[in-house]
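Reader: I'd like to learn how to read cores and aromatic pairs in a protein model. Can you walk me through one?

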Amino acid sequence: LKGAIALHSTSSSRSLARMRVIRLFRVTLLLQVVLICAAAQAYEEVESTCSDDPSLLQTPGKRLSRPCHKNKKFENKPRVRREWRKLSDDMRQRVARAFWTLKTTNTSTGRQEYGPYFQNYDELLMLHACSVKDPRCDQGHTGPHFMTFHRLILLKLEMALLAVDPQIEALPYWDMAKDSVDGEYRNDPEKYIFTKKYWGSFTGQGPNYEVDDGLFANWPIAEYTTEKFGADSPLAKNGRCISDQYFKGYKASICSECCGLSDCTCPENATYTTFLRDHDDCTPRAARNPQDADCPNSVQLGGTYEIVYTEADFEACQQYPENVRSWMEWHNCQDPGFFFCSASPEKIAGNLEFVETMKEKLLPSLLEHIEQEREHLERSQSAPDPRDVSLKHAQELSALLTSTLFGANGSDLLAAIQGVCGSPMIYGYYKKQKSLKRSFPHLHHGNAHFKLCRDFLDVTTSPNDPGPFSGHHTNVDRSNMHFMMYSALAEPSLEAKFWHFPATQSDLTGSAGLPPYGLGGPFSAAGIGLCQVDKETYPYYRFGQSPWTPGTLLDDTANAGYPFVDLFNASCGGGADCSGRANGGYTHREALYFTAPERTPYTYDTLETTTIEVTLPFAATSATADGELHACLVAAFAADIFNSVLRGATRSAEDADAEGGKIRTAGISRKR
């Protein structure tokens, strides 16, 4: 094109040549547009075969490529999840009563009365525990599978609640930022979540910090027995986790007779109860204590015992493509990079094998990356990012940790770890699209766990604190749903790629830059710190052999030790099997497929009527959740611009030829 425009001779032969070049470019451009659209059509028809047919998910060797955006089979109107404070008084009480019904009714009796979707609450807790104790390493946390697993368990809980009371609209979520230290509801006695109106006190008011007020006051912790939850229970038929007893509860370290008493000696025949917990607490009811000595918050994370999280933190992790562009980039924005802060510093410092593993395998890459970030900041000419203080903090603490780990004075190890896990906070991260500089929002998922402590800190059995567990993880799911919606509207092909959820062990497409990657991986820091060390619990985990935890890839069954079934039976018709049973439980692919924005059985009030601004090359357009953006539209914009340039070149040639009287118009229509 530049060559054609550069020709300025007025001779007849050169003018004809010039016009032939222009015609050639215009025809070529037209062919390109046609081919692009034809290829898109072929991709949709041949590769996808309009793959809203759920049977394609169950055909061995055949993978879902590109879900159709509209299909009559999925006529279910999504139910709407709303924030706890937006519920009416009646609805709030209904939800609480349904929780208590799940807690106090066994599954067999409940299904006789409420139908097949009823599930006892402690059996749901066992499902969660099974994910953590899977011998391949955690199947519910610290990786791409975190959100798909929790989406499925929350859906199972929601369906059980609706079975008890169909008038409940949906499972409520908790907007944690509103109850943060500077949050909108923090000083509002009518709306603050940690009051007797909602979930009870932030610090339990019982003699051993039991939560004895609120909707879930004195929530009992179940005792573990093999007859209820082990190999001899009805649950054993649901998966190997129960029949092989991956999780067997934890015996209290203090007898029941002296639990909560400071001056007490356990009698000779004292009772040491084995609770449905993964720590040695003797308290028979759910407890909270943000100042607990075994809790990361004992050092006042963020400079306070209270929650430190903002609306800006929430917004940062869902912004596509500015901040997050793939499934794992979203995940690493949610969870901490300083992974070892989930246990008490004393326990960490005393675990010599863990310390050696951290020295040899994690810390060198961490320090290398921090140095790269430092050099990048020094070269940057842009205005300072307010979150650079987070990186500076990371540098200082890592230097402290390095000198302690590799120095002669090993006695300072505890102080170093306490410093790393201390103020100002533990952060996730995201990488800006243009600058590629990392920014550090306060972590979302682990934040509430670290702040409430006691039962909610116990990753294995955190459902023992029912309000925070259900409300907090539902809010994390809300963040993910926002990301899925925004990204799919801006770039429809992402849904076809399942947001770059890792499909194979060599799939690092959606990973966020260079190592270290944070808690979730690839090459999960949590795997190094937990599963690599505890070979008795996790005999099938091997760090370094693969970037993703075994069992957590796109086509793997979610939580195969205790799989999910019968959650999407109402999502399709025509005799298709959407139970998940054909593959022994829903895969991560199916979880994403059935909860994609146009197909999900539930949504959130913040997405219910949202109009989303989507920026495309050459144009800015507004689209709602029902809108469709086609790749040919972009090609049309490009064609229009190129044709404008070509028309200008054509006119120049025509003017030149008119002067010589040799040639008239090119004979090609200038109409768009």
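Author: Let's go from the whole chain to its cores and then to its rings. Keep in mind that this is a predicted model.

Reader: Fine. How many helices and strands are there in the chain?

Author: The chain has 21 helices and eight strands. Buried residues make up 55% of its 672 residues.

Reader: And how do I read a nonpolar core?

Author: The general idea: in soluble globular proteins, nonpolar side chains tend to be buried together. Here the largest nonpolar core holds 60 residues, and Ile242, Leu276, Trp499, Phe564 and Leu567 touch the most other members. Among the elements giving it two or more residues are α5, α6 and β6, while α16 supplies the largest share, nine residues.

Reader: Which residues is Trp499 in contact with, leaving aside its neighbours within four places in sequence?

Author: Its partners include Trp327, Phe483, Met484, Leu494 and Pro597. There is also a second, separate core of 41 residues, with Phe99 and Leu157 among them.

Reader: Now the rings. What describes a pair?

Author: A pair of aromatic rings is described by the distance of the centres and the angle of the planes. A search of the whole structure turns up 22 aromatic pairs. Take Trp174 and Trp199: their ring centres are 5.1 Å apart and their planes lie at 75 degrees, over the 60 needed, so this pair is edge-to-face.

Reader: Is Trp174 buried or exposed?

Author: Trp174 is buried, because its relative accessibility is 0%. Trp199 is buried too, at 1%. Both belong to one aromatic cluster that also includes Trp84, Tyr192, Phe194 and Phe202.

Reader: Which ring does the charged end of Arg599 sit over?

Author: That of Tyr593, 4.2 Å from the ring centre.

Key:
Residues are numbered from 1 along each chain as its sequence is written. This is a predicted model: local features need pLDDT of at least 70, side-chain atom pairs count only at pLDDT 80 or more; totals for chains, interfaces and linings use all residues. Side-chain values use heavy atoms; hydrogens and water are left out. A nonpolar core is a set of buried Ala, Val, Leu, Ile, Met, Phe, Trp, Tyr and Cys residues joined through side-chain atoms within 4.5 Å. Buried means under 20% relative accessible area, exposed over 50%, partly exposed in between (1.4 Å probe, protein chains only). Helices (H or I, at least four residues) and strands (E, at least two) are DSSP runs, numbered from the N terminus. Contact means heavy atoms within 4.5 Å. Rings of Phe, Tyr and Trp (its six-membered ring) pair if their centres lie within 6.5 Å; planes under 30 degrees apart count as stacked, over 60 as edge-to-face and the rest as tilted. A charge sits over a ring if NZ of Lys or CZ of Arg is within 6 Å of the ring centre and within 35 degrees of the ring normal.
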